[in-house]
Each structure stands twice: as structure tokens, then as C-alpha cells.
Amino acid sequence: MNAHFQSIFALATPMGRSALHLHRLSGENVFSILSPYILSPHNKKSVDLVSLASKSEGRPCTRYVYIIDQEKNEIDDVVLTIFPAPKSYSGENIIEISVHGNPLISAKLQSLLRSIGMRDALPGEFTQRAVLNGKIDLAQAEGINQLIHAETLGGVELARHTVDGVLSRETEDIRAQIITILAYLEAHIDFAPDEVGDYEPSSLLPQIHNVVERLNKLHATFSSGLKMREGVKVVLLGKPNAGKSSLYNSLLRYDRAIVTHIPGTTRDVLEDRLVIQNKDFVLLDTAGIRVTEDEVERIGVERSLQSALSADVICLVIDIHNLDCSRIHDHILSEINKFFTSVKLSEDQKIIPVVSKQDLLSDDQINMLHMFNQNFLKLTKDIEYKNCLNSNLVLISLSNTESLCENLVNYHNLITGEVSKKENPTLISVRQKDKVLNAINSLNECSKLIAIKDYPEKIASLINHSKHSLEEIVGEIHLDNVLDKIFSTFCIGK
């Protein structure tokens, strides 16, 4: 434990009037510093927190007490909990004080703490001390920060996995493989061939390739993890009055978008969060796509097409309720082809053709749609981006979007892939991603040097660099300015 740290404190709950304010204190001497100002409610005598910690045998201990200032004036009656080192969050002695949630009371308590030698904690300083005291590693600390700031259920889940050490264990396992490779090289640097055998660096290639494969897989988790943290982006596109805004409101279950019978009502892109079966999505409603002379609507159409470029899933909303049955197949294929010619998509985007207003369709029209679905692959075989297409049309009405929701959940699972599983590690920060990429680049350079049977010293240097990159993920190697930058994004009091 770093005993030289000054004792710190912070309000760990939001400022403002509330039921309670919780103050957190941390430091080696925090028990002895505060004891003179803690009184028993029974006899008004000082409570010896050092003795209390000793009697608790290292376990947390809670007491109802009074806290007074230096003039013996009562500040508040409080609930005080001690967490003796080293079995505390920061690895130091910790005190948590719950006072009544009046900012005036908290201000008086904080004034006392400053006057007896404590200082206000910096953002993330409690967690920074936990890292420096070996309670958690740097990757877990980043997980804690994301756990606090996550805005989606998926983000909470991924952060929880990281806090539990899933990423740390994976990087340590890969690091152990790298050390095995390094040991071979170091042996040939330090000893003669008659002691360790001939130098055959090509024998290391299978191990290096295996490590690179694992690192590439880990590197790929950042992108899919980002989708899980921020939500899979779903864009509703189609002609004016196709039913996009009505579908948007139906999925959100409230009237977010204005809906009228007038074509071109939606002029801009609307965005909101959507949760289906605990899966997070970002849902966008867009202006109807058509050629128009109206300047404002034209800008809206451009924004609609632009939003499609960054979408993970595009719901192409098609209205057929005014069409004769004989025209339905050709109209749907025409709408799909027009869309594909207006937007240049990437192969990993998914397109769901959505037929709206099912409640307005006749039985004959619905039968025609069922026939279309039965021959979907045959009918769409000549479409340029057919690999992006969903395997069938999806029918929806304002009261029934179940089939569309099922398709969206399936695509969410496909896009987020393995990162949603608790046992699979995921990179949750750009810093982590960059460190893994550095390790990959160093190992790939090693393979090139091995191919020409270069000196073991040069190869070992690159292997060491890859090892150090992985160690930086968990903070085994760190610089003060790096730590300061990471923890500056934390909440005060964490």
C-alpha cells in the first residue's frame, strides 16, 4: 500500500437536496484523524475508529454516530461505515459517511475534513489508488468507469465483464505465450549453441501465428463491442407516406414523430434509443425519398440517404395497399432496386424490406406477399446487393411489429457476435485497441525477421515490445501522465 498518500474525501452522491449524501474518505491514517470528531449517541464519548477496525478483524463495520466540528458543535447524526485496509476498494482505510441530504450539512462536513488535514479527491482518485495498491488492474478500472457512464444495457454488461477480469485474464494468457517465445530467444542470446541447441527461429512461427490470431480476434471485439455499448443503428427509409414515421412511433411506443396524410411531413432525421428484448438499438426516422423542388425537403432527402451509409440495419418501408395484386411483385422489386441504385452500401449492412399497413391490405394482397416470400430468393437473385437482403419480406401494422422486432434482435445478435457472451473478452477503449494493434504489428514484423533468420537480439526486441504493449493494457507498465489522463474522465468520489 502507498502509505505516503494524503487522506482524501469526496461526495460520492450527486449534489443537491436528497434523502442522503454519502461522503467517502480514504487514507492510511483516516481512522485516527477522524476519531476525535465521532461521538457515540449513548454517552457522547469519542469513538475510537482504529480500535473498532481492529475488533472487526478487517471486516466492514457500520455504526450510528454523531459527528462534531472543531468547536464541539454537532454537524449531523450520521451512519458511518469503516472498511479497513487492505480489504477495501482503494486498498487503504476507507470511511463512508451518510449524512442527511442537505448541501449545507455536507458543506459543514467537508469544511471539517479540510481543516483536519484531508483534501478534496481528484476525479477517479479512489480508483487510481486501487490500481496503484494492486486491488484492480487498469483494464478493470476502465471497466468501472464505463460501468458508471454506460447509457445502454449492453454497455453495462460489457463493462461488468471487464470489471470481473475477463479481459485481464485473456491478456495475461496471451502474454504468457509471448514469454515462452521470448525465453527461446533469450536463451540463444545468452548461451552457446552447444548448450541450448542450434538457433532455428522458424520453429517459433507457429507460436507467433497463434498469438497473432488471438490478438486479431481480440482487436475485432472493439468494433462489435462498440455496437453493443452504443446500440445497433437501425434506419427507416422509404418513399413519403410509406409509413416510416408511424412505424417509428409504434416501435418507440409513443408519438415521437409527427404523422399526417401529407407527403413530406418528416423533413429531418429523428433519432431515439430503442430496447427490444434487452437489446439496444439507435432508431432513426428519415424524410421520404423522392425527387423534389422543395429546398428544405431536398436537404432532408439527402440526410436520409446519408444516414443509410452509417446504418447497421436499414428497414426499407414499402406501401402497397393501393396496388392491384398483379403489380405487387414488380413494385416491391422496383423499390428495392431503386434503393440500391441510390445508396452505395457496404457488404456488412443488412436490409429488411418492410411492407407496412398490413391492416389495410386485402386477403388477396396478403396472399400475393406470401407467394413473394415463398419465391424470395428466386425473385431477388439479380439484385446487386442481394447478400445484404433479409431472407424475406416482413409485414407490419401499427399494432403488430413482432416479426420486425424478431428480425432486429436476430441481426443484433449477429452484429454483436461473441462479445455478448460473458466468458469472451472485449476491448472497451481506444487505448486498449491501440495497445493490441501495437502488439500485432510487432509480432508481424518478427515474422519478417524470422523469415530471413535475423539476429535473435532484433527479434527479441520486437517480442518484448509486444509483451510490453499487453502489459500496458492492465497497467503493469504505466506512466503517471497516462494514468492522469485515464482517471481524469472518472467521477469525483470514484
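Seven strands, arranged as β3-β4-β5-β6-β2-β1-β7, make up an open sheet whose pairing is mixed; two strands count as paired if DSSP finds at least two bridges between them. The edge positions are taken by β3 (38-39) and β7 (119-120), each of which has a single partner strand, so one side of each is left without a neighbour in the sheet. Strand β1 (residues 8-11) and strand β2 (residues 20-26) run antiparallel and are joined by four bridges. Within this pair, Leu-11 has His-23 of β2 as its bridge partner. Helix α4 (residues 125-132) packs on the sheet and touches β1, β2 and β7, and its direction makes about 135° with that of β1. Contact here means heavy atoms within 4.5 Å. Helices (H or I, at least four residues) and strands (E, at least two) are DSSP runs, numbered from the N terminus.

The structure is a predicted model, in which local features need pLDDT of at least 70 and side-chain atom pairs count only at pLDDT 80 or more, while totals for chains, interfaces and linings use all residues. Residues are numbered from 1 along each chain as its sequence is written, and side-chain values use heavy atoms, with hydrogens and water left out.

A second open sheet has six strands in the order β9-β10-β8-β11-β12-β13, again with mixed pairing. At its edges stand β9 (270-276) and β13 (394-395); each has a single partner strand, so one side of each is left without a neighbour in the sheet. Strands β8 and β10 run parallel and are joined by five bridges, and Val-232 stands opposite Phe-281 in β10. Strands β11 and β12 also run parallel, joined by six bridges, with Val-317 opposite Val-354 in β12.

Strand β12 is largely enclosed by the rest of the structure, because six of its six residues are buried. Buried means under 20% relative accessible area, exposed over 50%, and partly exposed in between (1.4 Å probe, protein chains only). In a regular strand the side chains alternate between the two faces of the sheet. In β12, Lys-350, Ile-352 and Val-354 point one way, whereas Ile-351, Pro-353 and Val-355 point the other way.

Helix α10 (residues 244-252) is mostly covered, with eight of its nine residues buried. Among these are Leu-247, Tyr-248, Leu-251 and Leu-252. The buried residues of α10 pack against β8, β9, β10, β11, β12 and α15 (402-416). After α10 comes Arg-253, whose phi is positive, near 65°. By contrast, Gln-277 lies in the loop between β9 and β10 and is exposed, with a relative accessible area of 56%. The C-alpha atoms of Gln-277 and Cys-405 are separated by 8.9 Å, although these residues are 128 residues apart along the chain.

When residues up to four places away in sequence are not counted, Ile-332 touches Ile-318, Ile-320, Val-355, Leu-369, Phe-372 and Leu-393.

Two packed helices are described by the angle between their axes and the distance between the axes. Axes are lines fitted to C-alpha atoms, for helices over the stretch in contact, and angles run from 0 to 180 degrees between N-to-C directions. Helices α12 and α13 pack at an angle of about 45°, with their axes 9 Å apart, and are therefore oblique to each other. Angles under 35 degrees count as roughly parallel, over 145 as roughly antiparallel, 65 to 115 as roughly perpendicular and the rest as oblique. Residues of α12 including Ile-328, Ile-332 and Leu-333 meet residues of α13 including Met-368, Leu-369 and Phe-372. Elsewhere, the axes of helix α7 (residues 166-190) and helix α17 (residues 456-474) come within 9 Å and cross at roughly 160°, which makes α7 roughly antiparallel to α17. Their contact includes Leu-167, Ile-174 and Ile-178 of α7 and Ile-463, Leu-470 and Ile-473 of α17.
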